[in-house]
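This report describes selected local features of one protein model. The sequence and structure come first.

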Amino acid sequence: MSRAFVKEPDGSEAEDFPDRLVSDHPNLVTARGFERIETEVTNASAAHATAVGSGDRGEIAKALRDLRYWTARRSTAELMPAPTNATTVQFGSTVTVLRDDGRRHTYQIVGEDEADPSAGSISYVSPLAQAMLGKSVGDSVAAGKGEAEITKIT
């Protein structure tokens with residue numbers, strides 16, 4: 001195959017950064033989650049300004065993609081009040097569960113952009129959070145392949 005008419009990249013083309021997917025679920029956030037969104041908008045704006053200053057088209061495209069995402073998330077954010085009681089699991093609750101294999105885990109139920117299971121927070125749309133919402137201490141919920149008992153709600 002002839003390569004006579006194939007344009008080789010010369011660095012002047014912007015990289016293709018497809019938009020980040022935005023969830024169809026309501027954008028519920030805690031106060032900390034809203035602060036994070038504001039920080040991400042600020043960071044993306046600064047990254048864009050830096051990229052424009054350096055003329056790096058790939059970085060400009062990346063920063064614009066991130067700025068579009070975080071601006072959209074800020075415009076749709078629904079700030080949820082902190083839980084007022086610990087009798088049932090609700091958005092923002094911190095829940096401790098004891099799995100049937102003896103492992104104990106504590107999670108806070110938060111918005112999708114805030115979720116970081118390794119740091120103890122799970123999205124309210126995750127299967128575990130969905131199973132726990134509305135439950136009380138002593139209730140059992142599906143947790144992976146097994147079950148878990150809710151032992152504490154704060």
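Threonine 96 belongs to strand 3, residues 94–99 (strands are DSSP runs of E with at least two residues, helices runs of H or I with at least four, numbered from the N terminus). The model is predicted: local features need pLDDT of at least 70 and side-chain atom pairs pLDDT 80 or more, while totals for chains, interfaces and linings use all residues. Residues are numbered from 1 along each chain as its sequence is written, and side-chain values use heavy atoms, with hydrogens and water left out.

Threonine 96 has a relative accessible area of 11% and is therefore buried (under 20%; exposed is over 50%, partly exposed in between; 1.4 Å probe, protein chains only). Beyond its neighbours within four places in sequence, its contacts (heavy atoms within 4.5 Å) include Arg104, Thr106, Glu149 and Lys152. The side chains of threonine 96 and threonine 106 make a polar contact at 2.9 Å (N or O atoms within 3.5 Å, one able to donate a hydrogen and the other to accept it; residues adjacent in sequence count only if both atoms are side-chain atoms).

| Strands | Sense | Bridges |
|---|---|---|
| Strand 3 and strand 4 (residues 104–110) | antiparallel | 5 bridges |
| Strand 4 and strand 5 (residues 121–123) | parallel | 3 bridges |

Valine 95 has tyrosine 107 of strand 4 as its bridge partner, and isoleucine 109 stands opposite isoleucine 122 in strand 5. The hairpin of strands 3 and 4 has 4 residues between the strands, and glycine 102 there takes a positive phi near 95°.

How values were computed: Two strands pair if DSSP finds at least two bridges between them.
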